[in-house]
Amino acid sequence: MAYISQTEKKELAPAIKAVLKKYGVKGSIAINHHSSLVVNIKSGVLDFLGASQKYNDRQAEMRGLAPYEVGSYLQVNTSWCEQWMEDIGETKIAKFYGELIAAMKGTRWYNNSDIMTDYFD
């Protein structure tokens, strides 16, 4: 979204909170710079950091590199997070990401990724 208002955030919040509750995760909903809807995960039963560390270790091993520590903060790439979690067998986290992203997009999500459509849109 190019712009998201507090009103739109309030419209999306019930669906987002429902997904968080379904998976036993606590988080907050915010808007960054009037352009990004963000869900910050505070705690829960899903081990996001451990799963990301597992993925990073696997990728480092495949490339012959030394693994690095994920740390205590994780910013998720919403384009690939489901696929990455499926690749390492974390299906519950993959489903959580899928449902959360769908709830964040809501019914008014608009994306014309085609290069010509973007030019004329």
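Predicted model: local features only at pLDDT ≥ 70, side-chain atom pairs only at ≥ 80, totals over all residues.
**Helix, core and pocket**

Student: How many residues does H1 have, and how far does H1 reach from its first C-alpha to its last?

Tutor: H1 has 17 residues and reaches 24 Å from first C-alpha to last, close to the 24 Å expected at 1.5 Å a residue. The expected span is 1.5 Å times one less than the number of residues. Helices are DSSP runs of H or I with at least four residues, strands are E runs of at least two, and numbering starts at the N terminus.

Student: Where does H1 bend?

Tutor: At Ala-13, by about 40 degrees, and Pro-14 follows within four residues. The bend is the angle between axes fitted to the seven residues ending at a position and the seven starting there. Just after H1, Gly-24 has a positive phi of about 65 degrees.

Student: Which residues of H1 are buried?

Tutor: Glu-8, Lys-9, Leu-12, Ala-13, Ile-16, Val-19 and Leu-20. Buried means under 20% relative accessible area, exposed over 50%, and partly exposed in between, using a 1.4 Å probe and protein chains only. The cover over the buried residues of H1 includes E1, E2 and H4.

Student: What is Ile-16 in contact with, leaving aside its neighbours within four places in sequence?

Tutor: Ile-29, Leu-37, Val-39, Leu-100, Ala-103 and Met-104. Contact means heavy atoms within 4.5 Å.

Student: OK, the core. Which residues of the largest nonpolar core touch the most other members?

Tutor: Ile-16, Leu-37, Phe-96 and Leu-100, out of 27 residues. The elements that give two or more residues to this core are helix H1 (6-22), strands E1 (25-32) and E2 (36-44), and helices H2 (48-63), H3 (81-87) and H4 (91-105). H4 gives the largest share, eight residues. A nonpolar core is a set of buried Ala, Val, Leu, Ile, Met, Phe, Trp, Tyr and Cys residues joined through side-chain atoms within 4.5 Å.

Student: New topic: what volume does the largest pocket have?

Tutor: About 1,000 Å³. Of its 30 lining residues, Val-38, Val-39, Val-76, Thr-78 and Met-104 are the closest to its centre. E2, H2 and H4 are the elements that give two or more residues to the lining, and E2 has the largest share, nine residues.

Student: And how is a pocket defined?

Tutor: On a 1 Å grid over the protein atoms alone, a pocket is an open set of points where a 1.4 Å probe fits, with protein on both sides within 12 Å along at least five of seven lines, and lining residues have an atom within 4 Å of a point. Grid points are joined across faces, edges and corners, and the volume is the space filled by probe spheres set on them.

Student: Back to backbone angles. What is phi of His-33?

Tutor: Near 55 degrees, a positive value in a residue other than glycine. Phi of His-34 is also positive, near 60 degrees. Most residues other than glycine have a negative phi.

Student: Is His-33 buried or exposed?

Tutor: Exposed, because its relative accessibility is 74%. His-34 is exposed too, at 55%.

Terms used. Residues numbered from 1 in each chain as written. Heavy atoms only, no water.
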